[in-house]
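Biologist: I am new to this structure and would like to learn how to read it, feature by feature. Could you give me the general idea each time, and then the case at hand?

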Amino acid sequence: MSSPWNLDRPGRKAARTGTHRAATLADTWNRLRPALKACGVTRVSDVTGLDLIGIPVATAYRPNARSLSVSQGKGLSREASRVSAAMEAVEHAHAEVIDRPLRLARPAELGTGALDPRRLPRTADGVLDDVTPLLWIDGADVRTGESKAVPYEAVSLDFTLPPALTGHGLSRDSNGLAGGNSALEALVHGLCELIERDAAALWDLRDGLAQAKARIDAATLTGPETVGLLERYDRAGVEVALFDITSDLGVPAVLCHIVEAEPDPFRPLPAATGLGCHPCPPIAVQRALTEAAQSRLITISGARDDVTRERYAQTTDIGGIEEFRDALRESLPYARPFEVPGADHELLGDDLDWLLDRLAAAGLGDVTAVDLTRPSLGIPVVKVLVPGLEGAGALTGEPTIPGPRARAFEGESDDA
């Protein structure tokens, strides 16, 4: 495989619990730690004890950030959550200050040498056409290494820029932004996140019965890591509802809702949601379970700068929490084993090839990544873009305009 990121290296996995990495957690932290100050991180804190669940969650703070100043991380251990939070903060810092050449051009002038911005996730704001000039940054096809221009607006997380530069309606988020011990690791993580978001957007379009029939029977899940996470929730009096949201791509994707079994009006705690996606099905489940705990702690800690007043108000809405809990309980009779085959490879390179093959089989073979790595820091960071995948749904942020996959999905539902 030819590429600008040395993807010919096989990428043997050194860490395989909670997520797959090219280096151990200790080595990953040792790689990250020297870069934290340069990325504006002032501290990485363990906030696990703010909740009763006990699933490790950490927070990284960047007071002068140009996007989110607070990043969260989760994992099966405190070491894993610390690495997760720090890596997210470093990723955001790379996307906020991009030291790469830019050019101003109309999409029609670039032709096939550029991604079609209208096939990327976008909102109803701004204008996207063939003649409106955009800023572009160079990316490369992940499989072939062929150069391809990418809209800078879809890559940059610098929210201090004027709307004239980034106000054309492209979705500006961190979906597909990933770092790692190697470019292979970062690309796999970025692709999994994009596929997860697409699956969640399609999940939003299912009716209530179809969603209920996708419930996973937690009692059939095995493996000490998964069972241990479920036991933590059970001891904390928190009900867990897992759903198989795997799309037509066949990449295992899981949704996890958590809610207090008996909400206490004198100590209201929020319901929360987590998502997980990975070629290896147990990892997808574990990522959803740990992210749900992280999401709950985001609200409890009160530190995230993107949590709205309305979201905090939901924390004390006992009636709404009980209604949500009861609705989840109604799906219990439909629970079934999680039987998505997925793949469990020894090499990150095989993971990447498998993901690219799944996308290509669905007509989504145009996979491009922008290398945001700062040589002085030595942490590979990429922004991956896959035109045609759906963007954020109601589960993952402000909904984007439905794309072809969402429209086709809605049409199939109507026909049914």
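Modeller: Let us begin with burial, where a residue is called buried under 20% relative accessible area, exposed over 50% and partly exposed in between, using a 1.4 Å probe and protein chains only. Thr226 has a relative accessible area of 2%, so Thr226 is buried. Before going on, please keep in mind that this is a predicted model, in which local features need pLDDT of at least 70 and side-chain atom pairs count only at pLDDT 80 or more, while totals for chains, interfaces and linings use all residues. Residues are numbered from 1 along each chain as its sequence is written, and side-chain values use heavy atoms, with hydrogens and water left out.

Biologist: In which helix does Thr226 lie, and which residues does Thr226 touch, not counting those up to four places away in sequence?

Modeller: Helices are DSSP runs of H or I with at least four residues, strands are runs of E with at least two, and both are numbered from the N terminus. Thr226 belongs to helix α7, which covers residues 224-235. A contact means heavy atoms within 4.5 Å, and, with residues up to four places away in sequence not counted, Thr226 touches Leu221, Pro282, Val285, Gln286 and Leu289.

Biologist: Where is Gln286 found, and is Gln286 buried or exposed?

Modeller: Gln286 is part of helix α8, residues 281-301, and its relative accessibility of 5% counts as buried. Leaving aside neighbours within four places in sequence, Gln286 is in contact with Gly18, Leu76, Glu225, Thr226 and Leu229. The C-alpha atoms of Gln286 and Gly276 are separated by 7.2 Å, and these two residues are ten residues apart along the chain.

Biologist: How should I check the span of a helix, for instance that of α2?

Modeller: The expected span is 1.5 Å times one less than the number of residues in the helix. Helix α2 (residues 78-96) has 19 residues and should therefore span 27 Å, which agrees with the 27 Å between its end C-alpha atoms. Because 15 of those 19 residues are buried, α2 is largely enclosed by the rest of the structure.

Biologist: How many cavities does a search of the whole structure find?

Modeller: Rolling a probe the size of a water molecule over the atoms shows where empty space is left. On a 1 Å grid over the protein atoms alone, a cavity is a set of points where a 1.4 Å probe fits but cannot get out, and lining residues have an atom within 4 Å of a point. Grid points are joined across faces, edges and corners, and a volume is the space filled by probe spheres set on the points. The search of the whole structure finds two cavities of 30 Å³ or more. The largest cavity holds about 190 Å³ of space and is lined by 16 residues, of which Pro121, Asp173, Asn175, Leu194 and Leu385 lie nearest its centre. Two or more lining residues come from each of α5 (183-204) and β13 (381-385), and β13 gives the most, with three residues.

Biologist: Which residues line the second largest cavity?

Modeller: The second largest cavity, with about 30 Å³ of space, is lined by Thr48, Asp51, Ile53, Gly54, Ile55, Val57, Ala293 and Leu297. Leu297 lies in helix α8 and, at 3% relative accessibility, counts as buried. Apart from neighbours within four places in sequence, Leu297 is in contact with Val47, Thr48, Leu50, Asp51 and Val57.

Biologist: How many disulfides does a search of the whole structure find?

Modeller: A disulfide is a pair of cysteine sulfur atoms within 2.5 Å, and the search finds zero of them. The sulfur of Cys192 is 4.9 Å from its closest cysteine sulfur, in Cys277, which is too far for a bond. Cys192 is buried, with a relative accessible area of 4%, and Cys277 counts as buried at 2% relative accessibility.

Biologist: Where does Pro380 lie, and is Pro380 buried or exposed?

Modeller: Pro380 lies in the loop between β12 (368-371) and β13, and its 16% relative accessibility counts as buried. Asp371, found in strand β12, is partly exposed, with a relative accessible area of 26%.

Terms used
On a 1 Å grid over the protein atoms alone, a cavity is a set of points where a 1.4 Å probe fits but cannot get out, and a pocket is an open set with protein on both sides within 12 Å along at least five of seven lines; lining residues have an atom within 4 Å of a point.
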